[in-house]
Amino acid sequence: MSDSVASVDSLKSKAPAKTIGDITVPSPVFSCRDVDVFYGDKHAIKKVNIDIARQQVLAMIGPSGCGKSTFLRCLNRMNDTIVGARVEGQITLDGQDIHDKRQDVVQLRARVGMVFQKPNPFPKSIYENVAYGPRIHGLAANRGELDDIVNQSLRRAGLWEEVKDRLNQPGTSLSGGQQQRLCIARTIAVNPEVILMDEPCSALDPIATARIEDLIDELRESYAICIVTHSMQQAARVSQRTAYFHLGDLVEVGETNKIFTNPQAKLTEDYITGRFG
Amino acid sequence: MNSTNNTVMKSAAETQQQVRNSLARRYRAERRFRFYGFAAVSAGIAFVVFLFGTIFAQGLSVFQQSYVKLEIFYDPQAIDPAGNRDPDDLVVADYQALVRAALREEFPQVEGRPNLRELYGLMSSAASMELQRAVTSNPDLIGQRQTLWLLADDTVDMVLKGNVSRTAPEDERRLSDQQIGWLSALEQRGDLDLRFNRSFFSNGDSRDPEQAGVRGALIGSLLTLLITLLLSFPIGVGAAVYLEEFAPRNRLTDIIEVNINNLAAVPSIVFGLLGLAVFIGFFGLPRSAPLVGGFVLTLLTLPTIIIASRAALKAVPPSIREAALGMGASRLQMVGHHVLPLALPGMLTGAIIGMARALGESAPLLMIGMVAFIVEVPQGIVDPATALPVQVFLWSDLPERGFVERTSGAIIVLLLFLLVMNATAVWLRNKFEKRW
């Protein structure tokens, strides 16, 4: 215990540690180089380098406050909305810098969808929740197409059978797990390339969690998925690749089964074996 | 060490006894507090009942007014001696003579100038005005006979309503014994009665209590508030949305925020002076106009609406904003589609408070001349007008007994106006209210 505390303290003063493991993947969807995030004076993310692969789930784990959510929010520039937040370094989506002046933030968020920790359906009907994205982006030419998109999205999110008879009821009338699947349906309705998930199951019971995990596994066929999670079992179950963050550093990246069976970094091993975190 | 421990540590029984003692004290304090609360609420209710009781007791009688039934002969000799039905002549003809002739017919035994003058004094000057209106709109009436209920003088009205005693000594009332006798005679014949007071709702102000009505003030208030609402709600909500959702957080916006809060506390008469100097003095807008009144009350209500709207915007959960932004909504779409609908009930509450305050304001309106004696009912937003609270203030100052009930009557109308306005706003708020 005292051992790990000492290592935490020593890390604070040190320069950014070199990430252990292979940060690159062939033909990445996202490629992040030397990403720094500052909240005012606080250096929340330190020189992070990582590629994100297509049709794969990347799990981000680490103790609270390690910067994994902050990093996730860099990918669709949600940090723009936080007063005093500053992002430096290069993040490219399909080879194009997302901080480039030519990159429209609205378009970026249509390509990179996000599911939040707490289910946050709009206080509108189930139908309107799913139809909202296609509507603002002009994806459906008429009502029939919109109906199809809503239908497809709800089916892919595994929610159609449960809500097909009450599409006009408020989205907030659903259970927590259903609400989260509604949020996923809402996200895939705009057909994004990447889906970011910020602890999507932390407010759900084990049964609802299992359904979401199954869903993530299915969605991997079509999308790149980044998931932040506090549950190492979840990371092991759903992801193919895992990144371990610690106090703003990306400590280790690797294939999930390797990270969990044979971590290379001492910090990763301590965290995975439950010595702190 | 041991000895000190012994004095501090107590047995379980002792501790329990102390807890019991303190429990009793806590319960006593709670009972006392409940009693204070109950007493305060009861006192409040008693005052409200007393207030409304007095207002209604004094004011309800205004909805009825004394009318005298007279058989009017539209004598061609009196009103159209030339016989050519010239509208210009008909307007200025002596309709008073028709009323007087009808009164003489009613009481043929009355003779002598002083007695006749007393007899004519029973009727309001509004009676001849009504005949004039009838004839000018329909000249065919000339030469015909018609039985009409015509407005009696306010002195008659006061006696009939029992506000002035018939048995009081003659020098303590404005009607003579002779006039009281005629009243009783008219009453016995069924020719004098309290009927619905239509002139109270159709007339503007007047020096004669029986002719004075709230219509001018009511329309004036309505127009003024309409302008206030049309200006202050969009501007207030727009300012709140900009400050809360779009403006950068810096020293300038801090100063603006502090000043909006300060403006909400500025005495209303200061806004009246500002309106006088800016709108009337500098821009040369008309005095006494609902337009200027609306501008001034807009300045007055804006801070209230902005503060309430900002609070309502702040209360919208951030998760909804994140959801909208995460879906790729622009900032304006996020506000327009999600934040504003959720904040609207709170904004409406702010608007209700602001408008209710604006409705009750008289001080700033005094400054811009909406306190003038205006007989005509305003037809538009630049016509001279007054407002209900100002009308209450004006009437409360007049000596005639008839204005006492009119003051209370105007207050009742004002309260009803407020009630209708608030009920509408509450209905709107419930309609827009959503849960999340």
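Reader: In this predicted model, what distance separates the end C-alpha atoms of helix α12 of chain B, and what span should its 13 residues give?

Author: Helix α12 of chain B covers residues 251-263, and at 1.5 Å a residue its 13 residues should span 18 Å. The end C-alpha atoms of this helix agree with that expectation, being apart by 18 Å.

Reader: Does α12(B) lie largely buried or in the open, and how many of its 13 residues are buried?

Author: A residue needs 20 or more other C-beta atoms within 10 Å of its own to be buried. Helix α12(B) lies largely in the open, because the number of its 13 residues that are buried is zero.

Reader: What does α16(B) span between its end C-alpha atoms, and where in this helix does a kink lie?

Author: A straight helix of 30 residues would span 44 Å at 1.5 Å a residue, whereas α16(B) spans only 38 Å between its end C-alpha atoms. In α16(B) there is also a kink of about 50°, placed shortly before the proline B:Pro341. The residue at which this kink lies is B:Leu340.

Reader: Which element gives the largest share of the side of chain B that touches chain A?

Author: The contact between the chains takes 21 residues from chain A and 17 residues from chain B. On the side of chain B that touches chain A, the elements giving two or more residues are α15 (318-326) and α16 (331-360) of chain B. The largest share, six residues, comes from α15(B).

Reader: Which residues does A:Ile225 touch, not counting residues up to four places away in sequence?

Author: A:Ile225 is one of the residues with the most contacts inside the largest nonpolar core, which has 146 residues, and A:Met60, A:Val194 and A:Cys226 are also named there. Apart from this core lies another, of 29 residues, among them B:Ala93, B:Leu103, B:Ala127 and B:Val159. The residues that A:Ile225 touches, with that sequence limit applied, are A:Val57, A:Ile195, A:Met197, A:Ile216, A:Leu219 and A:Arg220.

Reader: Is B:Asp157 buried or exposed, and with which residues is it in contact beyond its neighbours within four places in sequence?

Author: B:Asp157 lies in helix α8 (residues 154-160) of chain B, and it counts as buried because 26 other C-beta atoms are within 10 Å. Its C-alpha atom is separated by 9.9 Å from that of B:Leu192, a residue 35 residues apart from it along the chain. Leaving aside neighbours within four places in sequence, B:Asp157 is in contact with B:Gln65, B:Ser66, B:Ala152, B:Glu210 and B:Gly402.

Reader: Is A:Asp205 buried or exposed?

Author: A:Asp205 is placed in the loop between β7 (194-198) and α8 (206-219) of chain A. Since 11 C-beta neighbours lie inside 10 Å, A:Asp205 counts as exposed.

Reader: What phi does A:Lys47 have, and what phi does A:Gln55 have?

Author: A:Lys47 is in strand β2 (residues 42-52) of chain A and counts as partly exposed, with 19 C-beta neighbours inside 10 Å. A:Gln55 lies in the loop between β2 and β3 (57-61) of chain A, and is partly exposed with 13 other C-beta atoms within 10 Å. Although A:Lys47 is not a glycine, its phi is positive, at about 45°. A:Gln55, which is not a glycine, has a positive phi of about 50°.

Conventions:
Residues are numbered from 1 along each chain as its sequence is written. Chains are lettered from A and ligands numbered from 1 in the order in which they are written. This is a predicted model: local features need pLDDT of at least 70, side-chain atom pairs count only at pLDDT 80 or more; totals for chains, interfaces and linings use all residues. Two residues are in contact if their C-beta atoms, placed from the backbone, lie within 7 Å. Helices (H or I, at least four residues) and strands (E, at least two) are DSSP runs, numbered from the N terminus. The expected span of a helix is 1.5 Å times one less than its number of residues. The bend at a residue is the angle between axes fitted to the seven residues ending there and the seven starting there. A nonpolar core is a set of buried Ala, Val, Leu, Ile, Met, Phe, Trp, Tyr and Cys residues joined through C-beta atoms within 7 Å. A residue is buried if 20 or more other C-beta atoms lie within 10 Å of its own, exposed if 12 or fewer, and partly exposed in between; C-beta atoms are placed from the backbone.
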